[in-house]
Amino acid sequence: MKSSAVAALSLALVATAACERESRRFDPPPPGAQVGAQADVPAMIAHYERNAYALAAGKRLFSWYNCNGCHAGGGGGSGPALMDDVWIYGSEPMTIYQTIAFGRPNGMPAFGTRVPEDQLWQLVAYVRSMSGLASQDAAPNRNDALEGKLPESLMDKPQAVTSSPGGTH
Amino acid sequence: MIESAHDALLPAGPQAVALANLWWVLLAACVLVFVAVMAALAWALWRAPRATTASAPDTPQRAGEARMRRWVGAAVVVSGMLLLLLLAASAFTDRALAGLPLGDAVHIELTGHQFWWEARYDDADPSRIFTTANELHVPVGRPVLLTLRASDVIHSFWVPSLHGKKDLIPGRESTFAFRADRAGIYRGQCAEFCGWQHANMALLVIADEPGAYEQWASAQRAPASAPASDEERRGRELFATSTCAMCHAVAGTLAQGRRAPDLTHVASRLTIAAGTLPNTAATRAAWILDPQQFKPGVNMPPHEFAPQDLAALGAFLGSLR
């Protein structure tokens, strides 16, 4: 009886070793590193979108770099809303990366030379989490200040409606 | 690194004197009680009845019991009086701390960040307001009134040579006043665990003679000096167009980020990275390339600059006196 309990306990301990502990990297890639140089781009994108630290850092940078100035907490202002499922250029991580890094016509500035690569991907992951596209168990689940919108972890994943660029919405 | 006082028992201001006095009173009372208790214990051991083979092991000694009771009663009364005395000393110290006259106080808004201090010197005239970081200059003999805020987590302001501690709590403004009566450099330290680099979140309070303080303050109010050479001009250009300007501000240039220390007069400070490194051209350059090497977990990312770009940036930063 006693030995079987010990065996079950040690088995449970061994099983916890399989749990993935989220790691925070302190050696982010230098700003010179290009996306193409990454060996496995989808894996790298998935790393950011499933990483609670990266998503939270993206949320902080979103306010630090004054994205709110035009996108107003994701609700949109002089820039488009980010928390809905309407995407002018598409919701693919690479597309959002290009939007932030190289800018878009009608006002979106290019931040590629000003924001390090690592932070760009944190921002991409966070922008996707605003409409529920990033991993919801890693997305920020609490706002620091009083805000009218739901935290990112509660945003519903949009239904698989295909919206053509500039489509009717 | 920097010769600075960090000692609650070498007070440099009236409040630190009151706190140091209270500390000595407490120490004296505790030493007195400890010695008395130890003496009583030694006396009891010395006088204890010795068991012999002839005597029963647990024979109560009734003789002299009433006398003992009187001694214990007296000790209880003395202990109670000592505790009341300490309570009174503590209350009088509190009154002394709060009694600092605040006429013509220098008003500084101090904000705690992970892991640095932002100081905004307030003034009735908005054009005389200026911002600096990690280093407070205060005039000797004039009170300083701090408004304490935190931007992220709880920090605590503690300059032991000048005063006790006061927490900086996000969303909750508090005030704290002190006065430095001797010129000198006093080291402060975040005293509430605030994250990985809590230990490297130091603050220097530099007490200047009033004339020197005014000179320093008027220099701090000035915008950054115009670049004197082509290299400095290129450094300024680089600063405003690369990552730096996203978080740092240099008054008088396009760089107006407010998320990291204001660098308008960075070369006039004694340390960089909140007391982590001495402020020299070499440490500034090494810090720009890889801050995580010196302060892992700090919010500044590593950078890759070509050697001539780094030299230009260094020349620009070195000109910000």
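What follows is a short chat about this predicted model.

Q: What ipTM and pTM does the predictor give the complex?
A: The ipTM is 0.81 and the pTM is 0.85.

Q: And what is the mean pLDDT of chain B?
A: For chain B the mean is 92, with 96% of its residues at 70 or more.

Q: Chain A, then. How many helices and strands?
A: Chain A has 6 helices and 0 strands. Read from the N terminus, its elements go α-α-α-α-α-α.

Q: What share of chain A is buried?
A: Of its 169 residues, 26% count as buried. As for contacts in chain A with a separation of 6 or more, 64% are between residues 24 or more positions apart.

Q: Helix 6 of chain A: how many of its residues are buried?
A: Helix 6 of chain A is mostly covered, with 13 of its 13 residues buried.

Q: What span should that helix have, at 1.5 Å a residue?
A: Helix 6 of chain A covers residues 117-129, and its 13 residues should span 18 Å. The end C-alpha atoms lie 19 Å apart, which agrees.

Q: Switching to chain B. Which domains does the assignment give?
A: The domain assignment lists domain 1 (14-44 + 68-98), domain 2 (106-220) and domain 3 (230-318).

Q: How many residues of domain 2 of chain B are in contact with domain 3 of chain B?
A: In chain B, 18 residues of domain 2 are in contact with 15 residues of domain 3. On the domain 2 side, strand 2 (116-121), strand 3 (130-133), strand 10 and helix 3 of chain B each supply at least two residues. The largest share of that side, 3 residues, comes from strand 3 of chain B. The centres of the two domains, taken over C-alpha atoms, are 22 Å apart.

Q: There's an open sheet of 3 strands in chain B. What's the order?
A: The order is 4-10-9, and the pairing is mixed. Strand 4 (135-139) and strand 9 (184-189) of chain B are the edge strands; each has a single partner strand, so one side of each has no neighbour in the sheet. From one strand to the next, the twist averages 25°.

Q: How many bridges join strand 4 to strand 10 in chain B?
A: There are 5 bridges between strand 4 and strand 10 (residues 202-208) of chain B, and the two run parallel. Glu135(B) stands opposite Leu204(B) in strand 10 of chain B.

Q: Which strands does helix 3 of chain B lie across?
A: Helix 3 (residues 210-221) of chain B lies across strand 4 and strand 10 of chain B, at about 135° to strand 4. Ala212(B) is found in this helix. In sequence Ala212(B) and Pro139(B) are 73 residues apart, yet their C-alpha atoms are 8.1 Å apart in space.

Q: Why does Ala212(B) count as partly exposed?
A: Because Ala212(B) has 15 C-beta neighbours inside 10 Å, while a buried residue needs 20 or more and an exposed one has 12 or fewer.

Q: Last one, helix 8 of chain B. Which residues are buried?
A: They are Ala312(B), Leu313(B), Ala315(B), Phe316(B) and Leu317(B). Their cover includes helix 4 (230-241) and helix 6 (281-289) of chain B.

Key:
Residues numbered from 1 in each chain as written. Chains lettered and ligands numbered in written order. Predicted model: local features only at pLDDT ≥ 70, side-chain atom pairs only at ≥ 80, totals over all residues. Pairing = 2+ DSSP bridges. Helix = DSSP H or I, 4+ residues; strand = E, 2+ residues; numbered from the N terminus. Axes fitted to C-alpha atoms, helices over the stretch in contact; angles between N-to-C directions. Contact = placed C-beta atoms within 7 Å. pLDDT = per-residue confidence, 0-100. Domains from an automatic or database assignment. Expected span 1.5 Å × (residues − 1).
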